[in-house]
Amino acid sequence: MNVLITGAAGFIGSNLTHYLCAERPQWKITALDALTYAGNLENISALVDSKKIRFVRSDIVDQVGVEALFASERFDLVLHLAAESHVDRSIHGADVFVRTNVLGTQNLLSAARGHGVKRFVHISTDEVYGSLGPTGRFVESTPLDPTSPYAASKAASDLMVLACAKTHKYEAIVTRCTNNYGPYQFPEKLIPLFITNALENKKLPLYGDGMNVRSWLYVTDHCDALLAVAERGRAGEVYNIGGAAEAEIPNRDVTFTILKLLGKNSDLIEKVADRPAHDRRYAIDYSKINKELGWKPRTPFPDGMQKTVDWYLANRGWWERVKSGDYATFYEKNYRNR
Ligand code: NAD
Ligand code: TDX
């Protein structure tokens, strides 16, 4: 199997690349990434250096570059993860989200189909469904109702992929996953931001009343689901992927878990102004992928959090290097005094 993974230097993409090298060592893997502020080649450099994978630096919006790549290599499968992924950044500037998530996805999809790539898996998010009230869970037929520019751009790309599957009978599939956490996550997202800030004895900026609920999934469980969908998913379908009921947790409780694991005091918590149009609650019904492909989340939240905290403790150099770059200035400029 000849596979292209886009966004392979980002959080989920790099975890997936490591996972597939271990689980499917016979696969030939090309890792593509533009290396934006969120892409870090260090995440997969061991695989590149040992020639287990090939790395290509390319922007998915660049038609000429993408076309040349597909002309030079006959891929069987594209796992498409490249995206602008941070909600707060999309509130400060939506243009790059439309560029990468909508135009980039369309460009890649069109090149993949044009060059006879058999299968295209588009990795999307539960955020396309909008926000839930206190009860209920998203199913695959829940109407799309995105609230942030990020979620709107993902919803638009999902629809282009599904339309392509219908119109051209193309083997494209969309997955929609809840919040991931684990190693290599860029420390602008809640869990790595709060772990690393706490380790530096910096404040943990908790938005609003801290009672917004997310459904947390350990990143390797997401990788498991993506492999199942890639190998056995039905073309043209959407598959919801998500955390177990016990992993549907308010941000305040996630914060206390982190503080407890690190032996830090709750006076590090700083209540800050809420995110505009902050989705109140996400929860996913994953019974379709469970019934069809036998997938379910396997890592209990306390175990996943222990592993994650241990990884950030053991890899201080990694996150200190990441935090000293673009992240620091973006955060100081937009959040410190919000
Ligand atoms: P990330 O921001 O950590 O990584 C995204 C990667 O895409 C980076 O390496 C970046 O350099 C690359 N990239 C950005 N623009 C590009 C472009 N124009 N061309 C090529 N590469 C480009 O994101 P992530 O958290 O790993 O998310 C990966 C995918 O999974 C995204 O599509 C996201 O929408 C989706 N997703 C994420 C989560 C989550 O909790 N993190 C949950 C559900 C779905
Ligand atoms: O500093 C913070 N303080 C805070 O209270 C940050 C960064 C976040 N939060 C809150 C906002 C959310 O309710 O924590 C929750 C999680 O926030 P993020 O980590 O920014 O994730 P979220 O907005 O839920 O989106 C994530 O999950 C779905 C990913 O970033 C998306 O890429 C994915 O699609």
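This is a predicted model: local features need pLDDT of at least 70, side-chain atom pairs count only at pLDDT 80 or more; totals for chains, interfaces and linings use all residues.
Residues are numbered from 1 along each chain as its sequence is written, chains are lettered from A and ligands numbered from 1 in the order in which they are written, and side-chain values use heavy atoms, without hydrogens and water.

Is Asn40 buried or exposed? I count Asn40 as buried because its relative accessibility is 17% (buried is under 20% relative accessible area, exposed over 50%, partly exposed in between; 1.4 Å probe, protein chains only). Neighbours within four places in sequence aside, Asn40 is in contact with Ala9, Leu35, Trp318 and Val322 (contact: heavy atoms within 4.5 Å).

Next I turned to ligand 2. Around it are 21 residues, of which Glu127, Tyr150, Pro205, Arg275 and His278 come nearest (near: a heavy atom within 4 Å). By class, I read 9 nonpolar, 7 polar and 5 charged residues in this shell.

I then checked atom pairs. A nitrogen atom of ligand 2 lies 2.7 Å from a polar backbone atom of Pro205. For oxygen atoms of ligand 2, I found one 2.8 Å from a side-chain N or O atom of Asn179 and one 2.9 Å from a side-chain N or O atom of Asn251.

Technical notes: A polar contact is a pair of N or O atoms within 3.5 Å; within protein, one must be able to donate a hydrogen and the other to accept it, and residues adjacent in sequence count only if both atoms are side-chain atoms. Ala, Val, Leu, Ile, Met, Phe, Trp, Tyr, Cys and Pro count as nonpolar, Asp, Glu, Lys and Arg as charged, and the others, Gly among them, as polar.
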